[in-house]
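Subject: Structure handover

Hello,

Here is the structure I promised to pass on. My notes on it follow below.

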Amino acid sequence: MIELTGSERIIYEALVKAADACAPCPKHDDLNELIGATSTSTSPTIVKRLEEKGWVEVERFQRTRQVRIVATGKCTALPLNTSPHWRLRPKNVPAPAPVAIRTRRPDIAAEIFTEAARLGKPAVEYLADLVFVGWEVEKPRG
């Protein structure tokens, strides 16, 4: 395998430690802190490089990820929310128009839009997440 830089090694070791403990994957902010990075893109870039170099495999979800250490096969804990990342969500899962939600149930619409804002997401993207999660629950029911 391709050798690791100092920062890659530190992040890799943090991922190994989490996988050995079957703990959640460390957040990017925590990884950035380990290496003293100030840019928010540093640790995601390093995790991507570890993936490209064959040291880890990453399954990305909407708000987190699960990492498998290639050398041991151990994984970090599966996150509670396994909604796929918006870039990976199937295109055939439609999102209802925000106006349709507001018209049908203004009370629920207010809650949904407040949560979307709290998460810093566009309402339509958050609605698509909710539809996908609902679909995943309903699909096995037949």
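Predicted model: local features only at pLDDT ≥ 70, side-chain atom pairs only at ≥ 80, totals over all residues.

Residues are numbered from 1 along each chain as its sequence is written, and side-chain values use heavy atoms, with hydrogens and water left out.

Helices (H or I, at least four residues) and strands (E, at least two) are DSSP runs numbered from the N terminus. Axes are lines fitted to C-alpha atoms, for helices over the stretch in contact, and angles run from 0 to 180 degrees between N-to-C directions.

On the helix 2 side the contact (heavy atoms within 4.5 Å) involves His28, Leu31, Asn32 and Ile35, which meet Thr42, Ser43, Pro44, Ile46 and Val47 of helix 3. By class, this contact has five nonpolar, four polar and no charged residues. In this scheme Ala, Val, Leu, Ile, Met, Phe, Trp, Tyr, Cys and Pro count as nonpolar, Asp, Glu, Lys and Arg as charged, and the others, Gly among them, as polar.

**Helix 5 and helix 6**

Helix 5 (residues 106–119) and helix 6 (residues 123–138) form another pair. Their axes come within 9 Å and cross at roughly 110°, which makes helix 5 roughly perpendicular to helix 6. Ile112, Phe113, Glu115, Ala116 and Leu119 in helix 5 meet Ala123, Tyr126, Leu127 and Leu130 in helix 6. The contact has eight nonpolar residues, no polar ones and one charged.

Ala128 is also in helix 6 and, at 5% relative accessibility, counts as buried. Buried means under 20% relative accessible area, exposed over 50%, and partly exposed in between (1.4 Å probe, protein chains only). Ala128 and Ala97 are 31 residues apart in sequence, and their C-alpha atoms are 9.6 Å apart in space.

**Nonpolar cores**

A nonpolar core is a set of buried Ala, Val, Leu, Ile, Met, Phe, Trp, Tyr and Cys residues joined through side-chain atoms within 4.5 Å. The largest has 16 residues, of which Ile11, Tyr12, Leu15, Leu50, Val56, Val67 and Ile69 touch the most other members. Helix 1 (6–20), helix 3, strand 1 (56–60) and strand 2 (65–69) each supply at least two residues of this core, and the largest share, five residues, comes from helix 1.

Leaving aside residues up to four places away in sequence, Leu15 touches Cys25, Pro26, Leu50, Val56, Val67, Ile69 and Thr76. A second, separate core has seven residues, including Ile101, Ala116, Tyr126 and Leu127.

**Salt bridges**

There are nine salt bridges, counted wherever a side-chain nitrogen of Lys or Arg lies within 4 Å of a carboxyl oxygen of Asp or Glu.

- Arg49 and Glu8 meet at 2.7 Å, N to O. Arg49 lies in helix 3 and Glu8 in helix 1, so the pair ties together parts that are 41 residues apart in sequence. Arg49 is partly exposed at 31% relative accessibility, whereas Glu8 is buried at 1%.
- Asp20 and Lys74 pair with their closest N and O atoms 3.5 Å apart. Asp20 is in helix 1 and Lys74 in the loop between strand 2 and helix 4 (98–104), 54 residues apart. Asp20 is partly exposed, with a relative accessible area of 44%, and Lys74 is partly exposed with 40%.
- Asp129 and Lys121 pair with their closest N and O atoms 2.2 Å apart. Asp129 is buried at 4%, and Lys121 counts as buried at 16%.

Through shared partners, salt bridges also join Glu8, Arg49 and Lys53 into one network.

**A backbone detail**

Cys22 is not a glycine, yet has a positive phi of about 50°. Cys22 sits in the loop between helix 1 and helix 2 and counts as exposed, at 52% relative accessibility.

Regards

Methods: Parallel < 35°, antiparallel > 145°, perpendicular 65-115°, else oblique.
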